[in-house]
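Good morning, colleagues. Please look at the structure now on the screen; I shall speak about its packing, its aromatic rings and its charged pairs.

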Amino acid sequence: MEFAELIKTPRVDGVVLRRPFQPTVEGTLCLTGHHLILSSRQDNTEELWLLHANIDCIEKRFVGTLGTIIVKCKDLRVIQLDIPGMEECLNIASSIEALSTLDSVSLMYPFFYRPMFEVIEDGWNSFLPEDSFKDLESMTDEWRLSDVNQDYCVCASYPPLVAVPKDVDDDTLRKAAAFRHAGRFPVLSYYHKKNGMVMMRSGQPLTGTNGRRCKEDEKLINATLRAGKRGYIIDTRTIAVAQQAKARGGGFESEANYPQWRRIHKAIERSSVLQESLIKLVEACNDQSHNMDRWLSKLEASNWQTHVKEILTTACLAAQCIDREGASVLVHGTEGTDSTLQVTSLAQIILDPTCRTIRGFQALVEREWLQAGHPFQQRCVQSAYGNGSSVKVRCEAPVFLLFLDCVWQILRQFPCSFQFSEHFLVLLFEHAYASQFGTFLGNSAAERAKLKLSQKTVSLWSWVNRPQEAQRLSNPLYEANSLVIWPSVAPQSLLLWEGVFLRWNRSSRCLDEAYEEMVHIIEYNKELQNKVNSLRRQLAELETDDPLQHTE
Amino acid sequence: MMEHIRTPKVENVRLIDRTVSRKATVGTLYLSATHTIFVENNPETRKETWVLHSLVASVERPPTTPSGSHLVIRTKNFQVLELLVPQERDATDIHASLARLSRPEKYSELYCLSINPTANKEEREESWSFLDLQADYRRMGVPNNLWVGTPANSEYRVCDTYPSELFVPKSATPPVIVGSSKFRSRGRFPVLTYFHQDTLASICRCSQPLSGFSARSQEDEQMMQAIMKANPGSEYIYVVDTRPKLNAMANRAAGKGYENEDHYTNIKLQFIGIENIHVMRNSQQKIIDMGEVKTPSMGDFLWGLESSGWLKHIKAVLDAGVFIAKAVAEEGVSVVVHCSDGWDRTAQACSLASVLLDPYYRTMKGLMLLIERDWVSFGHKFSHRYNHLDGDPKEVSPVIDQFVECVWQLSEQFPCAFEFNERFLIQLRRHVYSCQYGNFLGNSQKERRDMRLRERTYSLWPQLWKDRAQYVNPLYRADHTQTQGMLRPNTTPYCFKMWKGMYNRLEKSAPPRHSPADLLTAVREETQQLEQELTNHQEVAPRGTAHSGTKQGIQTRSQDSSPDEEEADEQQQRRSEDDERNV
């Protein structure tokens, strides 16, 4: 298919672009296969380059022959284009609609994008499972890397290599997989070096209504327990939801069959509920006419902050079991691809200082989200403005965004313990929804392999790990903190993530200036430190060279 | 006060930590003339908790339990102390003593008057000359050919709640002043509070007119006309009535009310809708109650925040300030501000407008002067509002709390604009309640003069100034764009936040971990030392990259002679933070 077929009017003059808190720009609107571009003829005026994939939905309005297209983006920004001429406006609108909802992944921009920068380190090879297993091997010999899923047959959403207990053979894994939702048998998520406890994750057990059991599954997870020790199973669903799952063949681990495990139920909502919550929150943030009562009540009704609190609470619980109770943990919900990953990845942020570095956080996202089979493409196909009228089954949900929000909450509470700044989190949010990079395409390792993303697209990590980019994303206040950090989950400690939800609804100039000021203070300090240190060195050298000293 | 102490010392008292799993520490409780002091038994820490009697808001005694009698002390800075006393008799005694000690009946019982500081007359007098209000009027260019000082209120003859020195339009004759005063509640006639040199527009303040349904006063109308004339660039003035219009209308039945636009030439009346002191008192109480809810859900919290109405009121106050500041700076139109008596909402609105308009009031000294002018000198009823003496609970209201919080909300939007940090605002508010200094005693300048406070107490301001190193905002720079000109805050509801630093200070599960501001302050202090070292080596870097702010000398921290509970709490907090780190 040629993009040209979809572009009926490639170019319109005299288009006016309106954005809140920015000056109005008049210029020429151009549509390309992947971008909507507005260029003014003045040299200094900023142009708009918008990826079609970033467009969540559009609305059209007409006053006479002046048409207006309101473009609502996945990064939550809303812009308005005034287009003279009804036909032009209709053509543009239908082209945008078609180009922003392309069905085929292989038509997406990452397959066409050629980097304008030199790739120093290929991000596709930066975080290989083999490498992270080497780290594990240096700490313990109780685990092995199994290639039971080499052809993605045992579990379609797992990577080819997974870490499992050494004493459990592949046959046992296959049988356990048959007992777990979508074949997601328990695998290692995190090894806590301090006390050797582990966190595993899986899909729900398929006990069904008649309480089916699977000796191999029991053997597999019991193999992670030390003699006489008990572990915790954290089910991210309420007991009621977990009970209901039995009717559909799912379920949870019974005390009788898993006597060495204590099960705890939490209440992280399903993805459809989260999506509704995001829509309500963004609606509330975008309506500036609300009075205080209405704003607060809309914020409350969106339940977004409740989800943040629940997810963080569950992650703290998992971390507590491991670090304070000295127990191993298995985390799952239903599929094990959403709430499960929120919990396991956040628990690692709390427990493991490495995850709070720029590279460590990338590794975490790679390991616990991409390799672990979070269906990014499905979840991020629409953002807050998706109207749900599409015929497809609705599967979009801000699962990853909520994870980033929770990380931001911890970052805000421990502003010096993270090597990266809020910018990095916002960047990941943007790229998860629309990107020139292939990193977040596809729904699993299997899909990514089939799409040959590593050959045909550029990795986001290739770009992020360039020194100048890493510098931009780094946190000037960072001081490596090797301790476990326990965030507060009290409601008054959890704030609305302004950097994402109010980003386009207010001017950020003063906050940006404050940030620059902070950077300046720290850099100036470092500069002086260097000067003083070199002077001290010179002095010391002079003193040792001083012949008088020898005579004394 | 000693005679009210029934039992000065009780041993084996448990201090119950209400936030962390109800852990308790055993220690000894002491009652002194000024403080309740709890000293931990643990010989290693011997942690002390001090609570000033004047900061005690209430002492409760829940029913006795088998383990002993509980005492719950709530302070005016939103802390809660729960004690478990083994003997019921002791609990009764402490309760009775504290109930009396925390509710003084006479000014002479207050801390600043009962504790005789090692009287150094010079030092004391000097402390009162630290701020000079007249110099601040001169700084804004007053008097000038438009505004002049009037002796009308010397010896408080015309209005006993106003200061003796006042500025009025040059054309306002004594008969006009007296006539206008007679037509205003409590004689509070329109006078100058801020003069904007760039536009020549001014902010004046007064109380409501005694207009009823039809009354009018020629002199009052002439006074308003004179105010308009004192701004050559404008054909009209705004009269900002900070009350909700309904309240203002209701006042007409009592012979008060608001200006009839038909009687005054060229005024534009604007209602803002700040609620009265009773609404505000109840609203803050709800915020405080919410802080005591054990493990609230997010829904409980947000619902509580909404139903308290607190942020709505904060927004109303800030909106009033923004309206006035914009009128003055952008339209160049003078504004006359009033509410009912003109000492609560009017003080809030005028002082906020000044903060928005004039960068000077965003410095430490400037804010002190502003409070001294718009609140202290203009007769804000501190002793009534902040319950200094056992009095009418209906007079109590967190009026200045709201002003302080508005400044904090502004500092969140403009992080580089203020010379001071959050701690400064909290400390300032604390002293409004504490009565450790004489500044806020009484309800008017006249009362303070009659009490001879300058001879008997110290002023707070030099003490705050001495400790300024701990109040500095590291991001402040006198030459920063945010410190120039007028602030234009965004007052969309989502720009307002719950002030956690004020209302949830002792939430142990969330100590203010590593505050970026404190870290930056430390970095800047180190930078100064490095600069010093470089200077000593005569190798000074070109000043191009240096910040002017870093030139300020490092202040040695001086502590009050008596440790106060704030510091004890900080120590406590630091310790609990360490605990957390040592998991």
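Predicted model: local features only at pLDDT ≥ 70, side-chain atom pairs only at ≥ 80, totals over all residues.

Let me begin with Phe400(A). Leaving aside its neighbours within four places in sequence, Phe400(A) is in contact with Val365(A), Trp369(A), His374(A), Phe376(A), Leu428(A), Ala432(A) and Phe440(A), where contact means heavy atoms within 4.5 Å. Residues are numbered from 1 along each chain as its sequence is written, chains are lettered from A and ligands numbered from 1 in the order in which they are written, and side-chain values use heavy atoms, with hydrogens and water left out.

Phe400(A) also belongs to the largest nonpolar core, which has 227 residues. By nonpolar core I mean a set of buried Ala, Val, Leu, Ile, Met, Phe, Trp, Tyr and Cys residues joined through side-chain atoms within 4.5 Å; buried is under 20% relative accessible area, exposed over 50%, and partly exposed in between, with a 1.4 Å probe and protein chains only. The members that touch the most others are Phe361(A), Phe400(A), Leu428(A), Phe501(A), Ile371(B) and Phe403(B). Which element gives the most to this core? It is helix α10 (residues 310–331) of chain B, with twelve residues. Helices here are DSSP runs of H or I with at least four residues, strands are runs of E with at least two, and both are numbered from the N terminus. Another core, of 27 residues, lies apart from it and includes Val12(A), Leu38(A), Ile92(A) and Ile96(A).

I turn to the aromatic rings. Rings of Phe, Tyr and Trp (its six-membered ring) pair if their centres lie within 6.5 Å; planes under 30 degrees apart count as stacked, over 60 as edge-to-face and the rest as tilted. The count comes to 43 aromatic pairs over all chains. Trp369(A) and Phe376(A) are a tilted pair, because their ring centres are 6.4 Å apart and their planes stand at 55 degrees. Trp369(A) is buried, at 0% relative accessible area, and Phe376(A) is buried with 0% as well. Ring pairs link both into a cluster whose members include Phe127(A), Phe361(A), Phe400(A) and Trp461(A).

Next, the charged pairs. A salt bridge is a side-chain nitrogen of Lys or Arg within 4 Å of a carboxyl oxygen of Asp or Glu, and the structure holds 64 of them over all chains. In one, Lys194(A) meets Asp323(A) at 2.7 Å, N to O. Lys194(A) lies in the loop between β10 (187–192) and β11 (197–201) of chain A, and Asp323(A) in helix α9 (residues 304–323), so the pair ties together parts 129 residues apart in sequence.

Glu527(A) and Lys531(A) form another salt bridge, with their closest N and O atoms 3.7 Å apart. They are four residues apart in helix α20 (residues 509–545) of chain A, and so are separated by about one helical turn. Glu527(A) is partly exposed at 30%, and Lys531(A) is partly exposed at 29%.

In chain B, Asp136(B), Arg139(B), Arg205(B), Asp358(B), Arg373(B) and Asp374(B) are linked in a network of salt bridges. Thank you for your attention.
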